[in-house]
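Dear colleague,

I am handing over the structure that follows, together with my notes on it. Please read the notes with the coordinates open beside you.

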Amino acid sequence: MAQKNNDEQFKNVISHAKEYGFVFQSSEIYDGLSAVYDYGQLGAELKNNIKTYWWKAMVQMHENIVGIDSAIFMHPKVWKASGHVDGFNDPMIDNKDSKKRYRADQLLENKIDELYSELNNFSSENKAKFEEFQQEILGLSDEGQAAWIPSFKDEDGILDNAKYPFVDEASWRFVKKGLALEVEMNLALKSENLGQLKDLIVDYKVICPISKTSNWTDVRQFNLMFSTQFGAMAEGSDEVYLRPETAQGIFVNFLNVQKSGRMKIPFGIAQIGKAFRNEVIARQFIMRMREFEQMEMQFFVRPGEDKKWFEYWKEARLKWHMALGTNPEKYRYHDHVKLAHYANAATDIEFEFPFGFKEVEGIHSRTDFDLTQHQEFSGKKMQYFDNDLNEEGKPYGNYVPYVIETSIGLDRMFLLTMINAFEEQDLSTDDKQDSRTLLRLHPALAPYKVAVFPLTKKDGLPEKAREIMDALKFDFNCIYEEKDAIGKRYRRQDAVGTPFCITIDHQSLEDNTVTIRHRDSMEQERVAIADLADIVGKAVSWKTLLA
Ligand code: ATP
């Protein structure tokens, strides 16, 4: 079968997710609600399994990490302290002709990508040299970066071949324009210069993909938090927010958990829960949603040990992803050159989606910013007394702990898992055309572990099959099917990722054996019914992922 292009593959995954009950558009009968999705009968199972994998890896496998479940509503001051009320904004711009709204920074990023696409004409050596040069520039101070802009914008500028051997490429003109725009955009975003963002959109001739015009409004800031009224109006209601991240529920419970759990530093608090962001533009299916779920862990450490723990979690989290058997080339780290004001290190774990490498998880070294902010806004001490002895033999004493955060989007992980598992296989032979759609999910994540099929609907086979199903269902999520030819039933289970199909035939009644079919290899073997629980149990065990 011809290699499907990425767009087509992505479309196929989306329609597959709907056809087999993984993901539906929310309120679909009313034409849906933009960027809100429901998980169907199999989606809910897969999502639960991903959560379980994360929870076990973080909480169960670490003696010093505990999990909580904090409320979605929080005191409004929490979001003042965290900086979300004043700073959780996206710059937006409308096209007056199409009436479509965009994030100004994303329009510019698309333009930068377009200009950088000329890098494909560079030799790999020159490309690497350029990337090194680019990192060097982006690592300069704001003034240092700004000083470079005029030479990047000059069509004939920087032709010093000795220093920049890549500049003789014809495509350099576009690439350096891309670099100029990247630097200018970063500086404008940092200084929140909305006029400058608009100027860049105009200067670089960014057009609306729908109307194809550059008839833009001004750029405005747009806060991403949803707000609502808390309490009846008559009693004097207050504006509250739907939490835009789960992390703050952890920070405000730091003292509660530390004291009640008698936790000693270093320790972590984990949580899985809903978060809400009024994204200016939401796209790419469940990649960017307005209601989504996060799996976050805040790890509290002694000041000065933050770098060490940042490195630890960076590695540990990529290992968690890789244990699923994903091709390592599909993952990469993206270390942040520009850091948020409170962070001293940050990296994204990116996965190569059909639409390019994108963030799935962030690992941030957040210093003592969050706890100090809450200390200031609440008036409550957010300190820890460390009675371990330092090098001088004295207790470390009181301090506000530093924090390393790992934050992964559950829905993005779900999408990654579906994309990674989805495969259309050509099984044609010389005399017969054939194909199958397969979800090559890790058995521990598969919604159903076992499908139980009586070969026919008579001769006592369904009864025997039910007996087997009834024995297995306590430990494994099973599905029973007796309709259609066996081949068709196998294909349906391949499409939803069921690792094992068990077929009960006439021989089963005589010798208590069945055929077990393996999803990926399609191989079948005859095994004793008494061995089934062991065979399935080994393959789907969490140990295969966690050990
Ligand atoms: P992005 O740059 O893609 O908007 P972010 O840097 O704002 O993401 P964080 O605030 O670090 O994201 O959130 C942690 C994780 O939550 C992200 O890595 C992502 O997996 C997930 N996430 C964030 N926003 C959304 C969203 N709107 N829909 C689905 N998942 C999201």
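In which strand is the place of Glu-350? Glu-350 sits in β12, which covers residues 345-353, where helices (H or I, at least four residues) and strands (E, at least two) are DSSP runs numbered from the N terminus. Before I go further with that residue, two remarks on the source are needed. The model is predicted, so that local features need pLDDT of at least 70 and side-chain atom pairs count only at pLDDT 80 or more, while totals for chains, interfaces and linings use all residues. Residues are numbered from 1 along each chain as its sequence is written, and side-chain values use heavy atoms, with hydrogens and water left out.

Glu-350 counts as buried because its relative accessibility is 8%, given that buried means under 20% relative accessible area, exposed over 50%, and partly exposed in between (1.4 Å probe, protein chains only). Its side chain makes a polar contact of 2.7 Å with the side chain of Arg-332; a polar contact is a pair of N or O atoms within 3.5 Å, where within protein one must be able to donate a hydrogen and the other to accept it, and residues adjacent in sequence count only if both atoms are side-chain atoms. Not counting residues up to four places away in sequence, Glu-350 touches Arg-332 and also, among others, Glu-359 and Val-360, with contact meaning heavy atoms within 4.5 Å.

Glu-359 and Val-360 lead on to the ligand, since both are listed among the closest of the 14 residues that surround it, together with Glu-279, Arg-288 and Met-289; a residue is near a molecule or strand if one of its heavy atoms lies within 4 Å of it. On the polar side, a side-chain atom of Glu-279 lies 2.7 Å from a nitrogen atom of the ligand, and a polar side-chain atom of Arg-288 lies 2.8 Å from a ligand oxygen atom. An N or O atom in the side chain of Gln-294 is 3.3 Å from an oxygen atom of the ligand. Taken alone the ligand exposes 590 Å², and the protein buries 82% of that, with accessible areas from the Shrake-Rupley method with a 1.4 Å probe and, for residues, only the protein chains shown counting as cover. The strands β10 (291-301), β13 (356-365) and β16 (402-409) each supply at least two residues of the shell around the ligand, and β13 gives the most, with four residues.

As for the chain as a whole, the protein has 19 helices and 23 strands, and its C-alpha trace spans about 85 × 65 × 60 Å along the principal axes. Buried residues make up 48% of its 547 residues. Of the contacts between residues at least 6 apart in sequence, 66% join residues at least 24 apart. The accessible surface comes to about 26600 Å², of which 48% belongs to carbon and sulfur atoms.

Glu-423, in strand β17 (residues 422-426), counts as partly exposed because its relative accessibility is 25%. Its side chain is joined by polar contacts to the side chains of Gln-425, at 3.0 Å, and Arg-440, at 2.9 Å. The C-alpha atoms of Glu-423 and Thr-437 are separated by 5.8 Å, although the two residues are 14 residues apart along the chain. Asp-105, in helix α5 (residues 104-116), counts as buried because its relative accessibility is 7%, and its side chain makes a polar contact of 3.0 Å with the side chain of Arg-103.

Finally, some backbone details are worth checking in your own viewer. The peptide bond from Ile-265 to Pro-266 is cis, with omega near 5 degrees, and Pro-266 has its place in the loop between α11 (254-260) and β9 (267-276). Glu-192, in the loop between α8 (172-190) and α9 (194-203), has a phi near 50 degrees, a positive value in a residue other than glycine. Lys-212, in the loop between α9 and β6 (220-223), likewise has a positive phi, near 65 degrees, and counts as exposed because its relative accessibility is 56%.

With best regards
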